[in-house]
Amino acid sequence: RLSEKEAYWFQLILDNGQQAQAMIDALIQLSRIKPDEETAAPFNVAEMVAAATSLLSTQIKESSANIERAGDACEWEGNAAQLRQCVYELVRNALIFQPENNVPQVRIHWKKHNGVLTICVEDNGIGAREDQREKMVYPFQRLNGVTLYPGLGMGLAVCNRIVQNHGGEIHFRDSNLGGLAVTIEFEGIQS
């Protein structure tokens, strides 16, 4: 039988081992996101956004979040599964990074203009200081303590990799809703 002190250290080792395994798994997932021109196909952007948000239906319901989707009826050619994952990560972050007892307000809007597809996810969350925004796209970059918000700091790294795979860019600004607005842009739109 372990003493109280030994049990404490044993549990600490277990917890840190689980955290290390989660980080390794996240890095493996990130490394598997590669440009895949073979699976590029035209897809409806509105349907892709709807599919991404439907994956978060439990979190949306539990948080009583208000999700607004608005955009052009347009198609784009790319890897729909990767872009769905990107939008999923952005909306998931918008739901997670909220002040305590705040009802999340998330606005997802998109447009296609002059061969450029722009998708923006805005929220009323905690936002991010301007000097911190560029480093948020790197793996394991957490701006807030682990105890305040769950996760490993990989969501925006995944988005950034997907956006880069599609020849796009990711930008950050203050949201009109009071939190953060993340915009992804792609050139060379098809159809």
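Select Thr183 to begin: this residue sits in strand β7, residues 180–187. Strands here are DSSP runs of E of at least two residues, and helices are runs of H or I of at least four, numbered from the N terminus. The model is predicted, so local features need pLDDT of at least 70 and side-chain atom pairs count only at pLDDT 80 or more, while totals for chains, interfaces and linings use all residues. Residues are numbered from 1 along each chain as its sequence is written, and side-chain values use heavy atoms, with hydrogens and water left out.

Thr183 counts as buried, at 12% relative accessibility (buried is under 20% relative accessible area, exposed over 50%, partly exposed in between; 1.4 Å probe, protein chains only). Display its contacts, meaning heavy atoms within 4.5 Å: beyond four places in sequence, Thr183 touches Thr118, Ile119, Cys120, Glu169, Ile170 and His171.

Next, turn to the aromatic rings. Rings of Phe, Tyr and Trp (its six-membered ring) pair if their centres lie within 6.5 Å; planes under 30 degrees apart are stacked, over 60 edge-to-face, the rest tilted. The count comes to three aromatic pairs. Tyr8 and Trp9 form an edge-to-face pair, 5.2 Å centre to centre with 75° between the planes. Phe43 and Trp76 are also edge-to-face, because their planes stand at 85°, with centres 6.0 Å apart. Phe43 lies in strand β1 and Trp76 in strand β3, 33 residues apart. Phe43 is buried at 9%, and Trp76 is buried at 3%.

Finally, select Asn101, in the loop between α4 and β4. Asn101 has a positive phi of about 65° although it is not a glycine.
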